[in-house]
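This report goes through one structure step by step. Keep the sequence and the 3D view open while reading.

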2 protein chains.
Amino acid sequence: MAAEKLDAFLVSSAANVRYLSGFTGSNGLLLVLSAGGAILFTDPRYRIQASLEADCRVRVGTGPLLGHVLPVLRKKKSRRVAFERSRMTFEMYQSLKEGLPLKSSAEPVAGWIELQRMIKSDAEIALIRHSVLVNSRAFERAVSGVRVGKSEKDLAAELDYQMRRLGAEGAAFETIVATGARTALPHAQPTAAVFGANSLILVDMGAMCEGYASDMTRMLFLGRPGSRVKRAYAAVLEAQLAGIAAVKAGVEAQVVDRAARRVLRRHGLERAFVHSTGHGLGLEIHEPPRLGKRDRTMLVPGMAITIEPGVYLEGFGGIRIEDTVVVTHNGCEVLTPTPKTLRIL
Amino acid sequence: MAAEKLDAFLVSSAANVRYLSGFTGSNGLLLVLSAGGAILFTDPRYRIQASLEADCRVRVGTGPLLGHVLPVLRKKKSRRVAFERSRMTFEMYQSLKEGLPLKSSAEPVAGWIELQRMIKSDAEIALIRHSVLVNSRAFERAVSGVRVGKSEKDLAAELDYQMRRLGAEGAAFETIVATGARTALPHAQPTAAVFGANSLILVDMGAMCEGYASDMTRMLFLGRPGSRVKRAYAAVLEAQLAGIAAVKAGVEAQVVDRAARRVLRRHGLERAFVHSTGHGLGLEIHEPPRLGKRDRTMLVPGMAITIEPGVYLEGFGGIRIEDTVVVTHNGCEVLTPTPKTLRIL
């Protein structure tokens, strides 16, 4: 902030507010002052919680929180006030700009906190590891109940229930369970469609535990898979292992993506792989870096990322395999303990 | 749009995109053209889903969606392009402004779709009614298992599981279960705290069913409530009933809030009521109108709103009672069927 000659930084993203202050409520603004110190603004619903959680001063007020921030900025004569360009709405930006004195300015900045958050502390990795284990245990418990006649929604409900019973706050994102041709929808919402005999099932799930996310995709098959399923599965598994093998401190994110994509190309499946190979995760389920075709972020020890190539063939189905891994100096550690064979039920 | 001389309206809120186009994916932009017609932009993950759901043209592209919208706007020579002021980030606004030809302008608008959404169609009310019933049934099923030694997290997991088993997509918001003094935190996240003998329990839960939300708060007591709990409960119930009695087409939202607040003032509890009396709900859990102290929105038949006064006494506990109701010409219909007595277990 000093280098950019900023007097204050108004943090509006809930995950960033939590990261910096410890406050976990849904309505908060954190004002970081370059002179030192920070003030958390929240509403009366969170008065008690904020005083317990936040490690800075707390101001409680009704109505839009910005209305309580502006007098502080005016009183402190803050000239250059940074805000999060990709997190703040246009409306809040306008209120900020209009509420500041004429000589002051609102300065858009991006990624400051996100870049810090990309590299996890040991304590954060321990929390992600715990989240991954809870997620995998929930998967085991729920999968033992899968049989013909159960629906996508039944299994999704069971997965989420088991996560919660194991202590998770909840799912890190809407659990995906898809069967048959619906597995070709990378972000399928679970429906009442029931598992038939000889059906492919895709499960993409993550837990949120003490604020930290996990993410895993596994494939099940009820009955006996045909050769097409087996071949597609083998290709995706090979791509996923190649992706993992490419992870290492000092390489660019795009190198990992390319490693997975190259395998699928060799199997003639490159065009069926319609998303990037992975993403960072932590306090949010999607964080930088993205492991995409042209992502040049350098991998650094402590980054927690997913490796999740997939192929999607309309009318036939889709296959995706996904682990959560942590970048190390020499490679990576795969946190996800769930076996990666096509699970035959 | 014609009245405002707008050529196009770029809709970025997921709920508004769904309302207008039917598309339920998480990444979509809808371009509504004043010349007629609309185009939905999404990414390859949603190619199949978008073609099944959207009732308009679909364009699929990789990378930021705005990059695919801008060429269309330039080709159509759109001069005045509206965007959602309170939904679009500052960053996207900047990209829009910079991507438009010099003679074109980005025009902030607010609440256009939200105002339409405020008044529900009969089909929407049927969906909300269904969501409310699923929610209440899940409550009944889960509450039958409450006993000393279970934790807030256990009950929250059970509530969410039952919702899902009854067909909900999931919870409409993070289910709140709080016990003892933690009931004084209006937005308590469930913890490992266990229910003791003689403990007050607050449950605030809502289901999301076919995209529509419900919302309900009920109080349980394990053991024999003391007179202080009983008196606070009676005061909140009286306030909640007074709020419901004040709901009627043609009255302002603030009148409902005042009716509930007046009762609590008479009981000396006005300062313990730290939020507004309710809010609209539908595709989102919080929609206009707000039933707050100074909200002058006129209630109209077809609005679905919550009535949820509460009192919060630090160190002692909190009481809240909440129903989902629909405004009618002569009053309202209370959709929530769950009895409103303090439930003794």
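## Terms and basis

A salt bridge is a side-chain nitrogen of Lys or Arg within 4 Å of a carboxyl oxygen of Asp or Glu. By this rule, four salt bridges are found across the interface of chain B and chain A.

The model is predicted, so local features need pLDDT of at least 70 and side-chain atom pairs count only at pLDDT 80 or more, while totals for chains, interfaces and linings use all residues. Residues are numbered from 1 along each chain as its sequence is written, chains are lettered from A in the order in which they are written, and side-chain values use heavy atoms, with hydrogens and water left out.

## How the two chains are related

Chain B is superposed on chain A by a rotation of 180 degrees with 0.0 Å of shift along the axis, at an RMSD of 0.0 Å. This is the relation of a two-fold axis. The superposition is by least squares on the C-alpha atoms of residues with pLDDT of at least 70 in both copies.

## The interface between the chains

Contact means heavy atoms within 4.5 Å. On that basis, 35 residues of chain B and 36 residues of chain A take part. The copies meet through the same surface, because 100% of the interface residues of chain B are also interface residues in chain A.

Buried area is the accessible area (1.4 Å probe) that two parts lose on being put together, summed over both. Between chain B and chain A it is about 3500 Å², and carbon and sulfur atoms give 57% of that. Arg45(B), Phe90(B) and Arg164(B) supply 20% of the area that chain B buries against chain A, more than any other three residues.

One salt bridge joins Arg85(B) and Glu91(A), with the closest N and O atoms 3.1 Å apart. Helices and strands here are DSSP runs numbered from the N terminus (helices H or I, at least four residues; strands E, at least two). On the side of chain B that touches chain A, helix H2 (47–53), helix H4 (90–99) and helix H7 (152–165) of chain B each supply at least two residues. The largest share of that side, eight residues, comes from H7(B).

## Two domains in chain A

Chain A is divided into domain 1 (8–116) and domain 2 (122–344), with bounds from an automatic or database domain assignment. Their C-alpha centres lie 35 Å apart. Five residues of domain 1 of chain A are in contact with six residues of domain 2 of chain A.

The area buried between these two domains is about 470 Å², with 60% from carbon and sulfur atoms. In domain 1 of chain A, Ala15(A), Arg18(A) and Tyr19(A) lose the most area to domain 2, together 70% of what that side buries. The rule finds one salt bridge across this interface. Helix H1 (residues 14–21) of chain A gives the largest share of the domain 1 side that touches domain 2, three residues.

## Backbone exceptions

Most residues other than glycine have a negative phi, and most peptide bonds are trans. Which peptide bond of chain A is cis? The bond from Pro288(A) to Pro289(A) is cis, with omega near 0 degrees, and Pro289(A) is in strand S14 (residues 287–291) of chain A. A cis peptide bond also joins Pro288(B) and Pro289(B).

Asn198(A) has a positive phi, near 55 degrees, and lies in the loop between strand S8 (176–179) and strand S9 (199–205) of chain A. Buried means under 20% relative accessible area, exposed over 50%, and partly exposed in between (1.4 Å probe, protein chains only). Asn198(A) counts as partly exposed because its relative accessibility is 47%. Lys5(B), with a positive phi of about 55 degrees, counts as exposed at 64%.
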